[in-house]
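User: Hi! Could you walk me through this structure in plain words?

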Amino acid sequence: MSMQTLTSLSASPPAQSKRNRFRLATGSWALPAVLFLVAFLIVPLVANAFRSVTLGEAALNPWAYYEKLLLDSYYSGIFFTTFKVSLVTTLCTLVLGYPVAYFMVRYAGRWNALILFCMIAPLLTSIIMRTFGWRVLLARRGLINVWATDLGIISRPLDILNDPLVVYIGLVHVMAPFMVLSITAVLQGVDVRLEESARVLGANRWRTFRHITLPLSLDGIATGCMLVFVITNGSFLTMLLLGGGKVQTLSLLIYQQFNLTQDVGFAAAMGNVLLISAMVCVALQTRFVRRRGVKA
Amino acid sequence: MTASHVNPPRRRRRPDYLAWGLGIWVVAFMTFLLFPIAAVVVVSFSSATYIAFPMPGLSLRWYARIFEYRPFIDSLIVSLQIAIGSAALGILFGVPAALWVARSKTSAAALIGNLLLAPISVPAIVLGFSLLYLLSAIGVGISFAALLISHTVVAIPYISRTVLAVYRALPPDFEEAASVLGATRWQTLYHTTLPLVRPGIFAGSLFAVLISLDNLPLSFFFGTAQSNTLPVVMLSYMQSQFDPSIAAISTVQMLIAVTALLVLNATYGIDRLTAA
């Protein structure tokens, strides 16, 4: 830790920046990337926003699709379900993942590499595989039902697979590693001596955690939460394959609109809403983390 | 005198309940993470034509089925081509830009830095949907090229991010020394800078490849009968039948990724991957 502080201090002393230092790259080196991203990221997204206020029903009233999304009770329900699902998933991964991150940084020692490998291994499998895994476990003749009946816990197999709860289980399963890895990255930089000082000065474990560890790891929590929230907002596979399609969210609706009804304007409007909510999350996160960075 | 006699053994005897509690929590968490994946691997060796427990017997017939059902192998090859191709293009676009952004203090560089990272925060389904109309308008339509372009957009931020982090942590001294000693700009780049940022390029490319292999929301807009990626083929197969061949192809895909990670761990170290 102290080594890290030393190197980060010596890397950017203010005296050096005054000298005109050698720079390898010039601005033109960024040109290909900028042109590519403007052409294939900015232009299509702007065109999409434009379509959402001009096509179909929006030809007469530009805000027609947005009004439909917010005022029509069916669609506003989907709108709120989307945010509810993302919020619940984010909170669950945080509560489940924080202790794991804390253990990895403070206690794991030589086990850390093994835990890290187990954390990264699921990221190497496709989301289809992980979702399929829950179907294998929870199907009517799946492993859980068979074990539970054998042990006499239930008298006949339950229809767990089509319960909306499974969507949350599936999402938490996919997102949890992102949360843990975001928190460990920040916790690693928290000096253990600060916690020890608090303990020596008479704080119990809970107070030490509340007043030292938790505030110092807020950056990791913020990064993890925004990451999980944004990715969950944009995913539809888990909702499509688990829970019997009972959990309807915006991304799933875009997928269905595209496949079935081909209502381009409406899909564009929904995409735009997802995009704006993602941008708001990122802006919040950058602002939040930067402000804390200044304080620390 | 007595106190110093009593104290040390008492402290030694008290077990750390918190560490044990957290340890049990971690084991439970790992079980939750790995159990569904292990279940898929087990089911892939089933001899039954449906998925049910207890399994009637073991066989490799579902691995044979991967080779019989052409779309699986064809799309796996397309997926690998797209993943590696988009990572290579991502390096070509992302690395030079990141090298400039990391050292420049102008506001233009800050803005371009944000642009390089922006595709990460755009939901893939929105990007795919929007790109589809643009690419159709300029005649690329749905094709291998469309898949490659869309996956490159997503590869750029992952590669730029790790290169930015690695290059920012490097003092400019090495490059300065090279230039003082008479190296040209290209010689400095090739012999000094690139070797120094190589871990960043490698780690970023690995992220990009892994994200690309699993990027269904982006791929499903651009697949054609000739070029579809594996997740798209798996999804459509799954929607019509529920047999263990999906488990077998998933297991193969996982083995490819795990091998890549182990190779990377042996050459660069797994810890450096997560540091950025």
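Analyst: Happy to! This is a predicted model, where local features need pLDDT of at least 70 and side-chain atom pairs count only at pLDDT 80 or more, while totals for chains, interfaces and linings use all residues. Residues are numbered from 1 along each chain, chains are lettered from A, and side-chain values use heavy atoms, without hydrogens and water.

User: How many helices and strands does chain B have?

Analyst: Chain B has 13 helices and zero strands; these are DSSP runs, with helices (H or I) of at least four residues and strands (E) of at least two.

User: And what is its radius of gyration?

Analyst: Chain B has 25 Å, whereas a compact globule of 276 residues would be near 19 Å. That is taken over C-alpha atoms, and the globule rule is 2.2 Å times the number of residues to the power 0.38.

User: What box do its C-alpha atoms fill?

Analyst: In chain B they fill roughly 85 × 70 × 30 Å along the principal axes.

User: New topic: is A:Ile212 buried or partly exposed?

Analyst: A:Ile212 counts as partly exposed because its relative accessibility is 22%. Buried means under 20% relative accessible area, exposed over 50%, and partly exposed in between (1.4 Å probe, protein chains only).

User: Where does it lie, and what is it in contact with?

Analyst: A:Ile212 lies in helix H11, residues 205–216 of chain A. Leaving aside neighbours within four places in sequence, the contacts of A:Ile212 include A:Leu194 and A:Arg207, where contact means heavy atoms within 4.5 Å.
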